[in-house]
Amino acid sequence: MAAGTASVTIEELLTCSLCLELFREPKTLTCLHSFCKECLNEITKTANKYDSIACPLCRDETAIPQSSIEGLPTNFFIKNLLEVAELKSKNESLLCSNCEDGLKAMVRCIECDEFFCQMCLNAHNRLKTYEEHKVVDLKNLLSPTTSKEFHPAMKCADHDLACRFYCRTCNVLICRDCTVVDHPLATHSVANLKDVAEQCRERSLEAMGKAEKHIAHVKQVQHSCREKKEKLKTSVDTITAKLNEKKEHLIQQFIQTIEGRSSEMISQLEELMLDKAEQNERDEGQLESDLKRMGNYVLFMRNLLANGNDDEMMNMYDHLVRYVNDISGRNPFWLDDNNEATPTVSLQSDAGDDVVDSSLGHLVTTCLGELVIPTLQADHFELVEERGKVFDVGKNVEIIIQSSNRRRGPPSPPDLNLFQAKALTPKQTVIQAKLQLRDDGSISVHFTSYIPGRHRLAVQVEGNSLRGSPRTLEVNGEPDYSVDTTLLQKLPTDKFEGCLNEVRVTVRIDLVGNIYILTVPVLRVFDADFNNLYIFDLFNVMTKPWIFTVNSEGRIIVSDTGSHKLFVFKTDGTFLHEIGSEGTGRGELETPLGVTTDSYDNIAVCDAGNHRIQLFNPDTSFKCSFGDEQDGKMMYPVSIQFNSQGQIIVAESSLWFSNFPPLTGPPGGFDAANAVECVKVFSRDGQVLQKFGEPGEGRGQFWAPITVVVDHWDHIWVSDFTYGSIQVFDGKGNLKGVFASEEKDKGAGWLSTMAAASNGAVLYMSAPL
């Protein structure tokens with residue numbers, strides 16, 4: 001069992017924590033706590049607030065739909081458990097619901113939702129219409145391992161049939177008739193419920209593991225905070241005791257002077273204790289809140305995975321994934337052990353008891369010693385901002401640092417080189433904020449984010465946190481791809497002078513904003529301010545490096561078209577290991593091109609020479625492959641990315657294959673009339689969910705789409721090699737915007753490399769081929 005979570009009994013799970021009775025119409029809030037519908041209605045009436053409701057347990061706010069409390073999600077998991085519990089209590093007295101003979105029920109048909117005696121069961125089984133119905137023996141009702149089989153199937157609201165299918169295109173449970181009427185198989189990707197539920201259970205287990213790791217880290221940081229608090233208290237207690245001992249020794253001769261001086265020194269210590277204790281209490285409060293949120297998620301998931309059926313799992317799946325991504329993004333990076341030195345206090349060396357001096361004050365100071373409290377630059381400043389202010393996506397977020405009156409004033413003007421500011425986004429990426437000195441001596445901290453949600457801004461001076469740091473900021477809105485040209489930003493090539501003398505350039509950006517640039521064969525790593533961190537030559541290990549990616553741990557994975565392998569390096573260039581070998585079998589590669597990783601560090605690669613996509617686990621073992629001849633045509637994969645749902649986006653180009661030895665184009669040579677120039681969206685198991693694009697020069701058309709990038713909104717950015725344009729599509733292939741290349745007038749052959757920045761924007765760089 002993970003730290004910070006605990007199991008509950010079925011009885012506790014079925015009891016409303018407000019009325020302390022069994023649930024009646026359980027409704028679920030966004031924090032995953034459930035309550036009776038009537039209990040929630042009473043809360044809204046009492047508070048006279050009908051647009052949102054605060055959870056009675058964790059105080060998280062949940063927006064109330066226009067249809068009132070009735071519109072909140074029904075917890076079918078708990079609702080079905082209640083029904084099973086009622087069946088258990090009536091097991092011996094249940095009668096056949098299909099006849100009037102008063103015979104004892106022996107089984108229950110899940111599809112018919114009826115209890116049958118033995119005679120009615122025999123009649124039921126003789127009909128071909130019912131031969132695939134699921135019939136469960138009531139003897140298994142008391143077994144904890146099979147009781148969830150009694151949960152009734154969810155019914156389609158439109159056709160009143162059991163939902164046995166899942167539409168991947170619309171992300172919704174559907175019935176048999178829906179596959180003909182509303183979700184036809186010709187245009188929708190429909191899968192059997194059991195098959196897709198098993199895949200989602202695997203992803204849920206991965207997400208739960210991620211949550212449990214987060215809990216362990218938070219508890220470790222929480223333990224560190226408590227150690228700092230205890231260390232400070234011990235230091236203060238020691239100094240206070242020493243002062244009192246010296247005071248008693250001199251009290252008869254210098255009672256008034258010593259009392260005044262010692263009181264002043266103790267007051268300074270108490271002020272220091274109060275100052276740091278306040279910050280420590282804020283940090284512990286945030287940690288406790290994060291622990292409760294993540295613990296509630298793990299507890300809910302453990303019970304759902306153990307006791308819920310496929311219907312209940314899929315009903316809550318999207319909501320659960322969004323919730324864990326949100327709370328996992330509240331990483332306590334501002335509390336890492338190396339962030340802030342623990343303040344210490346000390347006395348000067350003891351003086352002898354026989355010191356005599358004409359100055360009484362000097363004698364007292366000499367005997368007691370000077371109280372030395374380290375002065376931290378961070379104590380001179382504090383963050384200030386308008387409480388409750390909401391910032392817009394893509395607009396400047398500005399917070400002011402001003403002088404704190406609780407300590408002696410800072411040097412004027414403050415040295416900006418001593419400050420560091422960074423913002424943690426809901427996607428767990430770090431934005432390096434900029435600082436600017438204002439005319440009034442205060443400091444402006446500003447950054448731009450295209451990612452909506454809660455951001456945590458942390459500001460430090462010489463490694464120590466300012467008062468009021470970290471600060472929670474809310475960024476709301478959605479960018480307009482048709483007019484907001486700031487979404488696409490060109491990397492300043494003047495920052496990389498001497499680095500871009502090679503024709504093929506690849507750019508990637510990691511979670512903390514570091515910039516990686518590959519100009520074959522040299523790979524350089526810069527920080528967010530374009531300071532050079534590392535540089536290394538890939539030819540020391542590889543023969544023909546092509547494209548690379550960076551995973552969540554900072555590992556660099558490079559595809560090599562010469563040795564037909566992937567190579568893995570540390571950020572500083574230390575070679576770690578290889579992935580794959582030349583060949584056509586499972587895990588073997590032939591001219592690998594595009595490579596990428598998802599949030600769990602699974603690896604996907606365009607196995608171009610074998611005309612397929614291959615996936616590897618985070619430990620680099622083979623996972624699966626797909627491709628070959630999708631849609632009756634040979635696959636020509638060039639570039640690849642994951643979106644936030646774990647779907648795989650692949651750019652294909654038969655024109656590129658025809659002009660890039662040793663790849664082979666279409667049989668018989670390139671034919672513009674039958675060219676494959678498109679983007680496809682695949683499920684994890686290789687099913688085609690979306691396909692868009694065709695050969696051409698117009699909007700939504702391509703000639704060699706060689707780079708794809710997926711942004712925070714899961715929009716797909718595609719750069720066209722031949723015409724130099726960059727086009728943006730939503731997840732279903734609808735065109736959202738077109739950005740023409742500044743170099744287009746220089747002729748065909750301008751390659752645009754793109755990368756998703758840590759603030760949600762897309763950066764690009766053009767280079768001639």
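User: Which residue stands opposite leucine 566 in S30?

Analyst: Serine 559 does. Keep in mind that this is a predicted model.

User: What makes S29 and S30 a pair?

Analyst: Two strands pair if there are at least two bridges between them. Strand S29 (residues 556–560) and S30 have 5 bridges, so they count as paired, in the antiparallel sense. In their hairpin, 4 residues lie between the strands.

User: Why is strand S30 called largely enclosed?

Analyst: Because 5 of the 5 residues of S30 (residues 565–569) are buried. Lys565, Phe567 and Phe569 point one way. Leu566 and Val568 point the other way. Both groups are buried. In a regular strand the side chains alternate between the two faces of the sheet.

User: Why is threonine 506 called buried?

Analyst: The cut-off for buried is under 20% relative accessible area. Threonine 506 has 2%, so it is buried.

User: Where does threonine 506 lie, and which residues does it touch?

Analyst: Threonine 506 lies in strand S24 (residues 505–509). Its contacts, leaving out residues up to four places away in sequence, include Tyr516, Trp546, Phe548 and Thr753.

User: What makes S24 an edge strand?

Analyst: S24 belongs to an open sheet of 4 strands, in the order S24-S25-S26-S27, with antiparallel pairing. S24 and strand S27 (532–537) each pair on one side only, and they are the edge strands. From one strand to the next, the twist averages 15 degrees. Within this sheet, strand S25 (residues 515–519) and strand S26 (residues 522–526) pair over 5 bridges. Tyrosine 516 faces valine 525 in S26 across that pairing.

User: Is cysteine 120 buried or exposed?

Analyst: Cysteine 120 has 12% relative accessibility, so it counts as buried. Cysteine 200 also counts as buried, at 9%.

User: Which residues are buried in helix H2, and what do they pack against?

Analyst: In H2 (residues 37–47), Lys37, Cys39, Leu40, Asn41 and Thr44 are buried. The buried residues of H2 pack against strand S1 (26–28), strand S2 (34–36) and strand S3 (52–54). After H2 comes asparagine 48, with a positive phi near 55 degrees.

User: Where does pLDDT stay under 50?

Analyst: Residues 329–346 are one such stretch, and the model has 61 contacts for them beyond four places in sequence. Over residues 349–359 the pLDDT is also below 50, with 10 contacts beyond near neighbours in sequence. Where pLDDT is low, the predicted coordinates should not be read in detail. The chain averages a pLDDT of 80, and 80% of the residues score at least 70.

Definitions and conventions
Residues are numbered from 1 along each chain as its sequence is written. Side-chain values use heavy atoms; hydrogens and water are left out. Helices (H or I, at least four residues) and strands (E, at least two) are DSSP runs, numbered from the N terminus. Buried means under 20% relative accessible area, exposed over 50%, partly exposed in between (1.4 Å probe, protein chains only). Contact means heavy atoms within 4.5 Å. pLDDT is the predictor's confidence in each residue, from 0 to 100. Axes are lines fitted to C-alpha atoms, for helices over the stretch in contact, and angles run from 0 to 180 degrees between N-to-C directions.
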